[in-house]
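Please look over the structure below before reading on.

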Amino acid sequence: MSNQSAVHQWRGVIEEYRPLLDIPDGTPAISLGEGGTPLVHSEWLSGLTGGEVWLKIEGNNPTGSFKDRGMTAAISVAVFEGAKACVCASTGNTSASMAAYAAKAGLTPIVLVPEGKIAPSKLAQALVHGAKVIQVRGNFDDCLKLSRGLADTYPVALVNSVNPVRLEGQKTAAFEVVDRLGDAPDYHLMPIGNAGNMSAYWLGYQQYAASGRATKKPVMRAFQAEGAAPLVLGHPVDYPETKATAIRIGNPASWKLAETARDESGGRFAALSDQRILAAQAELARRDGVFVEPASAAGVAGMLSELEAGESYAGATVVITVTGHGLKDTGTALEFFGDIPHVVIDSEIESAAAAAGL
Ligand code: AN7
């Protein structure tokens with residue numbers, strides 16, 4: 001299980017953690033080598049807080065988001081149980097991940113997405129991996145209803161995080177954090193949308209605490225966009241809206257599980273403006289060299305806004321999950337960036353030096 005050894009080659013989350021996962025015995029792992037993602041120390045945020053702040057960089061997964069952890073589990077079990085096709089609703093990343101794992105497994109992937117509301121790169125991933133992509137006039141929540149309906153009536157496996165096997169795979173991120181730090185952190189911050197990921201982390205932290213691998217469990221704090229903040233408001237939002245399209249969700253499926261995680265950990269939910277989320281995305285890229293997609297910056301934006309409000313993380317160990325890669329949505333990043341400098345020179349060293357300000 002150790003990933004410390006110089007000769008150890010990471011085998012994907014099922015083979016690394018199989019005895020700790022509640023999946024059927026003998027399930028063959030369909031893996032693209034997901035998990036084992038870097039936990040990178042943030043000098044910037046550690047300096048700001050006077051704590052030790054670590055970034056769990058989930059954009060390093062094979063399809064560029066944390067979804068691959070749950071998808072290896074869901075697709076492996078679906079194949080083991082004889083499925084020939086799989087379906088999901090998605091704001092983009094789940095569909096990209098499902099399409100890749102379905103391709104590897106030889107399943108037919110069927111994807112339901114809100115029309116015009118997913119980042120083009122994610123649509124490209126689903127299409128290129130061979131998914132049947134169906135755009136729905138409606139939002140993610142409508143897509144999830146359809147996807148549940150299809151799975152109830154037709155022979156397709158539902159692989160949204162309402163499938164508990166997804167959480168089994170995703171909880172491995174909490175295992176990795178503890179394996180790397182030697183114990184659980186004091187706080188864990190992350191974005192939240194459909195609420196599967198926070199619920200999965202909490203499962204993982206609880207399991208490690210129960211087995212004695214961790215001496216404590218973190219306080220869980222999860223962040224939504226103001227225009228799509230049902231968990232903060234305490235009621236569903238009919239027309240969720242945010243530039244962070246990955247978390248444009250009005251009625252999270254794992255609502256109750258996430259509330260339990262919040263309450264049992266002494267945590268909370270909070271909401272942030274798109275402006276704050278995009279500013280955090282840009283600052284994280286410039287200061288820490290970590291480019292994440294807009295939704296993925298919500299945990300960092302949350303920490304910055306809490307610090308402004310007088311919250312202290314001094315002396316604490318904090319992990320912030322950044323959930324997906326910046327290359328997933330360069331359009332939104334560049335729109336926020338503003339005017340793109342257009343510096344063109346003749347091919348001469350002096351001109352290059354002058355343009356570079358040397
Ligand atoms: C980058 O792909 O719901 O709270 O359909 O893509 O576990 O839903 C994506 C969610 C955070 C929120 N960050 O996680 C989907 C989808 C990114 C995401 C979330 C998502 P959950």
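On a 1 Å grid over the protein atoms alone, a cavity is a set of points where a 1.4 Å probe fits but cannot get out, and its lining residues have an atom within 4 Å of a point. The model is predicted, so local features need pLDDT of at least 70 and side-chain atom pairs count only at pLDDT 80 or more, whereas totals for chains, interfaces and linings use all residues. Residues are numbered from 1 along each chain as its sequence is written, and side-chain values use heavy atoms, with hydrogens and water left out.

**The cavity**

- Rolling a probe the size of a water molecule over the atoms shows where empty space is left.
- A search of the whole structure finds one cavity of 30 Å³ or more, where grid points are joined across faces, edges and corners and a volume is the space filled by probe spheres set on the points.
- The largest cavity has a volume of about 320 Å³, and of the 29 residues that line it, Phe 66, Lys 67, Gly 193, Asn 194 and Ala 246 lie nearest its centre.
- Helix H4 (93–105), helix H7 (164–170) and helix H9 (196–210) each supply at least two residues of this lining, and H9 gives the most, with three residues; helices (H or I, at least four residues) and strands (E, at least two) are DSSP runs, numbered from the N terminus.
- Sorted by class, the lining of the largest cavity has eleven nonpolar, 15 polar and three charged residues, where Ala, Val, Leu, Ile, Met, Phe, Trp, Tyr, Cys and Pro count as nonpolar, Asp, Glu, Lys and Arg as charged, and the others, Gly among them, as polar.

**The sheet**

- Six strands form an open sheet of mixed pairing, in the order S1-S2-S10-S7-S8-S9, and two strands pair if DSSP finds at least two bridges between them.
- The edge strands, each pairing on one side only, are strand S1 (39–41) and strand S9 (268–272).
- S1 pairs with strand S2 (residues 52–57) in the antiparallel sense over three bridges, and the bridge partner of Leu 39 in S2 is Lys 56.

**The cysteines**

- A disulfide is a pair of cysteine sulfur atoms within 2.5 Å, and by this rule the count comes to zero disulfides.
- The closest cysteine sulfur to that of Cys 86 is in Cys 88, at 7.4 Å, which is too far for a bond.
- For Cys 143 the closest cysteine sulfur is also in Cys 88, at 9.5 Å, again too far for a bond.
- Cys 86 counts as buried because its relative accessibility is 0%, and buried means under 20% relative accessible area (1.4 Å probe, protein chains only).
- Cys 143 likewise counts as buried, at 0% relative accessibility.

How values were computed
Buried means under 20% relative accessible area, exposed over 50%, partly exposed in between (1.4 Å probe, protein chains only). On a 1 Å grid over the protein atoms alone, a cavity is a set of points where a 1.4 Å probe fits but cannot get out, and a pocket is an open set with protein on both sides within 12 Å along at least five of seven lines; lining residues have an atom within 4 Å of a point.
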